[in-house]
Amino acid sequence: MTTSQASPQIPPKCLQEHDLSEECKELLSILPKEKGWIGSYIYNYQGFWTSSKIIQGVIACQQHFQAQDSDIILVTTPKSGTTWLKSLLFALANRMKHPIFDQNHPLLVKNPHDLVPYLELKLYIDEQVPNFSSFTSPRLLSTHLPYASLPKSVQESGTKLVYLCRNPRDTFISMWHFSNSIRLDYIGTTNSIDEMFDLFCKGVSIYGPFWNHLLGYWKKSTEKPNKVIFLMYEEIKQQPKIQLRRLAEFLECPFSIEEENCGVVDEILRMCSFENLSNLEVNTNGKLSTGEKNKVFFRKGEVGDWKNYFTIEMSEKLNHVIEQQLQGSGLRFLYI
Ligand code: A3P
């Protein structure tokens with residue numbers, strides 16, 4: 001554990017551990033808990049691990065969110081490239097309203113997290129019953145909730161679910177860096193890689209177990225391919241055009257021949273690339289409406305950074321856990 005010299009700042013609402021409702025405090029007192037990645041503790045609620053304030057957001061979201069058939073909800077495992085996919089989804093679904101070659105495109109001045117807000121992490125933490133009147137159709141929303149914990153109306157409506165995951169090694173490294181950079185800002189200390197790796201392998205990661213999250217959506221995507229599309233970070237890196245066209249078709253807004261000929265597909269990919277987004281003023285110096293620095297969402301944006309951190313023992317241990325957990329599912333990762 002290291003300690004920073006700078007004095008900690010006030011954390012955003014979703015990371016605050018005080019100011020909980022009496023109902024939530026009572027619930028927390030009986031939930032299993034482990035050391036937290038960012039805050040003091042992480043709790044097991046409905047079979048997944050998350051922090052105290054987020055549980056309050058989850059409960060409000062499950063009780064009050066009313067999905068519409070036209071909604072598009074991006075679901076991700078944390079640190080799988082949510083920021084990237086939010087930008088791709090926004091550019092794709094809004095390309096009539098905001099042409100991608102527009103000099104004033106919203107992605108040039110706003111962080112993707114402000115354009116595609118989280119349900120339980122933002123909207124239902126800010127307010128018990130958020131006001132959706134400023135949203136235009138299709139509403140673009142996001143969540144990290146496992147399938148079984150989605151509000152019933154999301155499961156039962158025509159809402160489309162875009163699911164994204166990433167190989168467990170890079171996800172772990174990205175999560176460890178991200179949680180440490182947030183901890184340094186708000187708490188002033190960091191967690192060691194060994195300690196967090198053991199927790200990850202035990203299933204104790206943010207919204208983990210990692211494998212349960214994936215399997216829930218993998219199963220649904222095979223049962224209901226018109227409801228859930230299953231995407232992988234590595235596949236988008238490897239075949240960006242193919243995956244973007246696949247997403248457009250799933251969302252029933254395929255690219256026209258004119259768009260293909262005008263280079264719309266290439267321009268969306270360029271606009272949303274790590275190089276472009278991470279160098280924009282808004283993402284280098286700006287902050288989210290919730291207070292986090294936008295730059296924490298852009299680190300390296302590569303496949304395979306795990307090789308700079310993993311020992312042979314770590315690779316073997318995680319391989320073993322993943323093989324056991326995904327056995328028979330048909331789900332395979334690319335470690336390109
Ligand atoms: P690394 O930490 O490996 O660099 P999330 O958005 O789910 O929080 O995931 C963050 C990860 O996605 C980080 O990975 C980040 O650098 C990467 N990322 C952010 N924007 C990206 C983009 N436009 N293209 C590819 N990767 C991106």
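H3 and H11 are oblique to each other, because their angle is neither under 35 degrees (roughly parallel), nor over 145 (roughly antiparallel), nor 65 to 115 (roughly perpendicular). This model is predicted: local features need pLDDT of at least 70, side-chain atom pairs count only at pLDDT 80 or more, and totals for chains, interfaces and linings use all residues. Residues are numbered from 1 along each chain as its sequence is written, and side-chain values use heavy atoms, without hydrogens and water.

**Helix pairs.** Two packed helices are described by the angle between their axes and the distance between the axes. Axes are lines fitted to C-alpha atoms, for helices over the stretch in contact, and angles run from 0 to 180 degrees between N-to-C directions. Helices (H or I, at least four residues) and strands (E, at least two) are DSSP runs, numbered from the N terminus. The axes of H3 and H11 (residues 240-250) cross at roughly 55 degrees and come within 11 Å.

H8 (residues 193-201) packs against H16 (residues 312-326) at about 15 degrees, with the axes 10 Å apart. H8 is therefore roughly parallel to H16. H8 passes H16 in a left-handed crossing.

**The ligand.** How many residues surround the ligand? There are 17, each with a heavy atom within 4 Å of the ligand. Lys79, Thr82, Thr83, Ser174 and Lys300 are the closest. Helix H3 (residues 82-93) gives the most to this shell, with three residues. Six shell residues are nonpolar, seven are polar and four are charged.

**Loops.** Lys79 sits in the loop between strand E4 (72-76) and H3. Lys79 is not a glycine, yet its phi is positive, about 75 degrees. Where is Pro138? Pro138 is in the loop between helix H5 (119-126) and strand E5 (140-143). The peptide bond from Ser137 to Pro138 is cis, with omega near 0 degrees. The bond from Gly208 to Pro209 is cis, with omega near 0 degrees. Pro209 lies in the loop between H8 and helix H9 (210-223).

Technical notes:
Ala, Val, Leu, Ile, Met, Phe, Trp, Tyr, Cys and Pro count as nonpolar, Asp, Glu, Lys and Arg as charged, and the others, Gly among them, as polar. A crossing is left-handed if the near helix is turned anticlockwise from the far one by less than a right angle, and right-handed if clockwise.
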